[in-house]
Every structure is written in structure tokens, then in C-alpha cells.
Amino acid sequence: MLPLPVPASVYGLVLLLLALNFRLIRLEDVKEVGVFLTGIFPLLFVPAAAGVMELWAEMGEMLLPIIIAIIPVTVLVMVTAGKTTQALSNRKKSKEAAVNDGIAE
């Protein structure tokens, strides 16, 4: 129904994020399912891996461009995730320090 070429699951995740941020849904209500899904996450990639194996012969001639595309993107994702984690960790530490300074005074 929406004109954007975005999968419905992405819309669902955005709606869930908004519901959590606006406290329409409590984290405790979805935490158990989230932990379960993260536990079976590798299993969810089996069909995709099987599809790649099925198309391996056709992908053979495109292997070099695929590798050239995958390596920088992987590095970019790792660096972005690391920097984001560091920033959030530092932000949390500074908030905790500010709270502790307020208590000490």
C-alpha cells in the first residue's frame, strides 16, 4: 500500500521501534521473543545459503565483482557497529558519572 520499495518486515521493525520509544509496548513484553529469535538466527539463514549454493555455477563468472563488493561493505559495517557501540558505551558511562557526581554533592 505504501509507495516505497521497502519490505513489510522493515516497516514492522520501524513500528516496533516507535512503539517501544513512545512506551506503547514495554520491553519486557517483547524481550523473550527477541531472545528466542536471536538464538535461532543462524537457522534463519539456511534457506538463503541453500539458494546461493543452487546458483553457484551462475555466480562463478561474477565471483570477483561480488568479492570486491562484499569486502568493503563488511569492513564498513564492522567499523560502523564498533564506533556506534563505543559512542553508546561512552554516553552511558558519562550519564552514570553525572548521576554519581550528583549523588556525591
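The expected span is 1.5 Å times one less than the number of residues. Helix H1 passes the same kind of check: its 14 residues should span 20 Å at 1.5 Å a residue, and its end C-alpha atoms lie 20 Å apart.

The model is predicted, so local features need pLDDT of at least 70 and side-chain atom pairs count only at pLDDT 80 or more, while totals for chains, interfaces and linings use all residues. Residues are numbered from 1 along each chain as its sequence is written, and side-chain values use heavy atoms, with hydrogens and water left out.

The protein has six helices and zero strands. Helices (H or I, at least four residues) and strands (E, at least two) are DSSP runs, numbered from the N terminus.

Next comes the overall form. The radius of gyration of the protein, taken over C-alpha atoms, is 21 Å, whereas a compact globule of 105 residues would have one near 13 Å. The globule rule is 2.2 Å times the number of residues to the power 0.38. Along the principal axes, the C-alpha atoms fill a box of roughly 70 × 35 × 30 Å.

Of the 105 residues, 2% count as buried; buried means under 20% relative accessible area, exposed over 50%, and partly exposed in between (1.4 Å probe, protein chains only).

Arginine 23 is exposed, with a relative accessible area of 72%. Its phi is positive, about 60°, although arginine 23 is not a glycine. Most residues other than glycine have a negative phi.

The largest pocket holds about 190 Å³ of space. A pocket is an open set of points on a 1 Å grid over the protein atoms alone, where a 1.4 Å probe fits, with protein on both sides within 12 Å along at least five of seven lines; lining residues have an atom within 4 Å of a point. The volume is the space filled by probe spheres set on the points, which are joined across faces, edges and corners. Leu13, Leu16, Val30, Val33, Gly34 and Leu37 form the lining. Helix H1 (8-21) and helix H2 (27-39) are the elements that give two or more residues to this lining, and H2 supplies the largest share, four residues.
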